[in-house]
Amino acid sequence: MGEMEGSYRAIQTPGTRLGAQFNAGISTLEPGQSLSNALGPGGRSPGRGLQLRVQGLDDSQEFYDLESRADGQTLLSDVFRRSNLMESDYFGLEFQNMQMSWVAAYKLKPCVCVCFPPRYLFSLQMKRDLLEGKLSCTENTASLLASHLLQSEIGDYDDLADRDFLKLNKLLPNQERIQERIMELHYRHLGQTPADSDFQVLEIARKLEMYGVRFHPAADREGTKINLAVAHIGLQVFQGNTKINTFNWSKIRKLSFKRKRFLIKLYPEVHGPHQDTLEFQMVSRDQCKIFWKNCVEHHSFFRLLDQPQPKSKAILFSRGSSFRYSGRTQKQLVEYVKDSGARRTPYQRCRYPTDKAYFIAKEILTTERTYLKDLEVITVWFRSAVIKENAMPEGLMTLLFSNIDPIYEFHRGFLKEVDQRLALWSGRSNAHVKGDYQRIGDVMLRNMCALKEFTNYLQKHDEVLTELEKATKRLKKLETVYKEFELQKVCYLPLNTFLLKPIQRLMHYKLILERLCKHYSPDHPDHNNCREALKEVAEMTNQLQSSLIRLENFQKLSELQRDLIGIENLTAPGREFIREGCLYKLTKKGLQQRMFFLFSDQLLYTSKGVTATNQFKVHGQLPLHGMIVEESENEWSVPHCFTIYSAQRTIVVAASSKVEMGKWIEDLNMLTPPPPPCPSPPSSGSSDEVSLDQESEDDMSSSRNSLDKQTHHRANSTMHVCWHRNTSVSMSDHSLAVENQLSGYLLRKFKNSNGWQKLWVVFTNFCLFFYKTHQDDFPLASLPLLGYTVSSPGESDSIHKEYVFKLHFKSHVYFFRAESEYTFERYSDRFIHYLTPSNKCYWQDESPHT
């Protein structure tokens with residue numbers, strides 16, 4: 001293959017186009033023109049193809065082998081494909097012509113690529129522009145930009161690491177003089193991820209007046225030397241480095257050139273004091289034509305709503321250039337990005353490493369981010385609330401926060417380490433060393449060994465939870481602060497739930513490491529470390545298993561104590577929570593909806609509906625001693641009906657399904673010994689022997705208080721969801737649900753909406769919580785999922801995407817898209833097993849094509 005003379009390098013022009021630049025000795029490259037023809041004899045060997053070298057913004061080099069008749073579009077498509085770039089309309093290819101001017105290799109149409117945000121590419125361009133002095137800014141701004149780039153490259157501040165990096169790597173021309181200032185600013189970015197740092201670089205750069213400005217020397221009609229520049233808002237005019245005018249794209253009617261003269265025709269109603277046609281003199285005809293083409297592209301891209309249609313060519317001859325912009329417009333691109341692109345082809349799914357181990361490791365990262373936020377609910381938010389009101393005794397403050405603060409600090413460092421490893425694993429700018437980082441076992445083993453030191457802290461959680469509950473009952477101020485804090489958005493679960501997270505997190509590690517060990521073959525280089533890490537965490541979970549069972553039971557009893565009126569001392573020693581849920585009780589008015597709560601020693605049921613404070617009123621208490629339960633559908637002619645005989649009264653109830661009825665009967669029979677042979681239970685056919693209550697109508701009816709319309713934060717507890725979804729959950733269901741939570745980004749689409757919305761989603765406690773990003777402190781919305789069914793989209797849904805699952809309950813329908821097959825399987829598996837435990841939520845495959 002003949003190698004083309006010169007080199008290619010990537011470049012990004014903010015506000016304009018971005019692409020790879022290369023030295024090719026080409027004057028211009030028209031749409032569809034062959035690269036070999038444009039290159040001339042120096043770029044290829046006779047009868048052979050072309051080999052082109054492209055240098056990326058991270059200084060990596062890629063070679064492209066093309067046929068000799070290939071055009072610029074072919075090269076452009078190959079570059080986009082290898083880069084896994086989605087927003088291809090903002091990017092292009094440029095080459096340096098024989099006059100050493102940069103020229104765009106115009107494409108025929110945009111190349112459709114995968115969803116890969118260009119933020120990192122923009123950040124790399126800012127890094128290069130800073131070093132080359134092309135980004136004009138103050139010294140302080142340059143130091144701030146350099147500090148974010150430093151955080152992105154090496155992570156949190158470390159004096160020695162900072163100095164070593166800055167000694168070996170140059171970020172600014174005058175770096176040595178302002179190095180201390182860069183390090184001082186770097187110290188302020190603790191905990192900031194590489195993606196956060198890239199975003200901050202762009203946020204700062206985009207506000208600079210000279211961001212994305214590339215000067216094209218020219219002169220006005222009076223011969224005054226000026227510089228012209230193309231930006232997203234329009235054509236800008238500079239005198240030196242001072243901007244003296246801007247002509248918005250919407251105000252420009254026509255752009256043209258005649259030899260070295262560049263002409264702008266304005267709309268009559270807007271040119272005001274300006275002439276109808278503005279004229280500028282460029283350096284040469286070629287420079288004038290290059291600048292004109294650049295303006296035409298931007299004029300069409302930012303101004304038009306729809307993609308312009310190409311004009312038909314003249315049959316005999318025509319005047320002037322035939323160049324027309326033929327890509328999508330900005331409006332079309334925004335809509336395209338919202339919908340996350342066109343259909344993906346097999347190669348386009350390879351934006352991440354294809355190894356399943358990467359996605360298992362990524363689950364560690366995403367759930368760790370959520371876990372750290374959950375710890376902050378206690379260590380930051382609740383601490384602030386009790387200190388502000390001076391509501392907690394000093395002894396309890398010491399017990400609570402000295403117990404959880406060290407755990408929080410440990411996991412901050414652990415999250416940083418996992419985040420950095422995943423960044424290296426997925427590529428970024430470390431492609432030359434990423435093979436050494438495609439593993440997670442060493443990180444897990446090191447940190448699981450370190451985590452063993454906190455076992456004593458975790459064993460104290462029992463005491464912490466008990467003392468906090470006692471103090472809340474004893475101190476009115478603390479009780480008020482506690483209840484008010486639970487109403488805050490940041491406390492998206494019952495407060496004492498967050499105190500159990502450290503022990504439950506060990507269960508998460510164990511399950512994830514088990515999947516990783518199962519995936520790896522014994523000879524895999526990461527297998528032994530993962531196996532050893534699993535042994536360490538299994539040892540801790542075995543030590544803490546009994547404590548966790550006791551704590552989860554205590555937490556649930558405490559939660560019910562706050563939500564139930566008319567029952568005292570629910571957290572009595574020895575009492576175990578078994579099941580809660582909705583049943584229909586037979587009364588004098590017929591079947592009436594009630595909430596039932598089954599404990600190891602008694603069965604409670606509430607009166608009608610919930611109160612104005614979202615609490616349930618206990619109406620009846622039945623001891624389990626001597627209780628007999630029998631199916632009684634035939635006696636009462638009510639589906640899924642069963643009768644409960646107790647020493648105090650006999651009641652008839654009906655479940656919403658046969659499965660629900662079976663669960664209640666199984667749990668009740670498990671807790672009550674089998675009845676003696678005689679006397680036999682009274683017949684349920686006589687209404688005189690069955691308690692048919694005439695209950696109070698003082699409480700709020702369920703028809704006036706739907707779950708979706710309640711604004712009280714505590715209304716989304718499991719109790720309230722069971723009430724509105726006519727279902728039930730057991731203690732074992734609760735334990736499984738909290739030990740198998742998921743976090744990560746999903747795309748969501750409503751039934752009748754067009755586009756997909758990207759959201760950070762947390763699945764825990766039978767509920768989906770939605771955030772805009774993983775950095776948000778509280779969820780924007782939540783979706784309780786008890787009673788929902790998970791399935792594949794059907795033909796009538798018109799969803800033609802991969803990795804989509806459908807959630808539906810009655811008329812409520814939601815679609816969610818996962819980023820990979822592994823993520824898709826994880827969510828669907830969790831939904832199947834933990835979404836509607838009593839109703840055995842199943843996977844319905846409505847579409848055989850999905």
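1. Some ground rules. Residues are numbered from 1 along each chain as its sequence is written, and side-chain values use heavy atoms, with hydrogens and water left out. As the model is predicted, local features need pLDDT of at least 70, side-chain atom pairs count only at pLDDT 80 or more, and totals for chains, interfaces and linings use all residues.

2. F199 sits in helix α7, residues 194–205 (helices are DSSP runs of H or I, at least four residues, and strands are runs of E, at least two, numbered from the N terminus). F199 counts as partly exposed because its relative accessibility is 35% (buried is under 20%, exposed over 50%, partly exposed in between, with a 1.4 Å probe and protein chains only).

3. C449 belongs to helix α12, residues 441–451. With 34% relative accessibility, C449 is therefore also classed as partly exposed. K535 is 86 residues from C449 in sequence and 9.9 Å away, C-alpha to C-alpha.

4. The whole structure holds eight cavities of 30 Å³ or more (a cavity is a set of points, on a 1 Å grid over the protein atoms alone, where a 1.4 Å probe fits but cannot get out; lining residues have an atom within 4 Å of a point).

5. Helix α10 (356–389) and strand β25 (757–764) each supply at least two lining residues, with α10 giving the most, five.

How values were computed:
On a 1 Å grid over the protein atoms alone, a cavity is a set of points where a 1.4 Å probe fits but cannot get out, and a pocket is an open set with protein on both sides within 12 Å along at least five of seven lines; lining residues have an atom within 4 Å of a point. Grid points are joined across faces, edges and corners, and a volume is the space filled by probe spheres set on the points.
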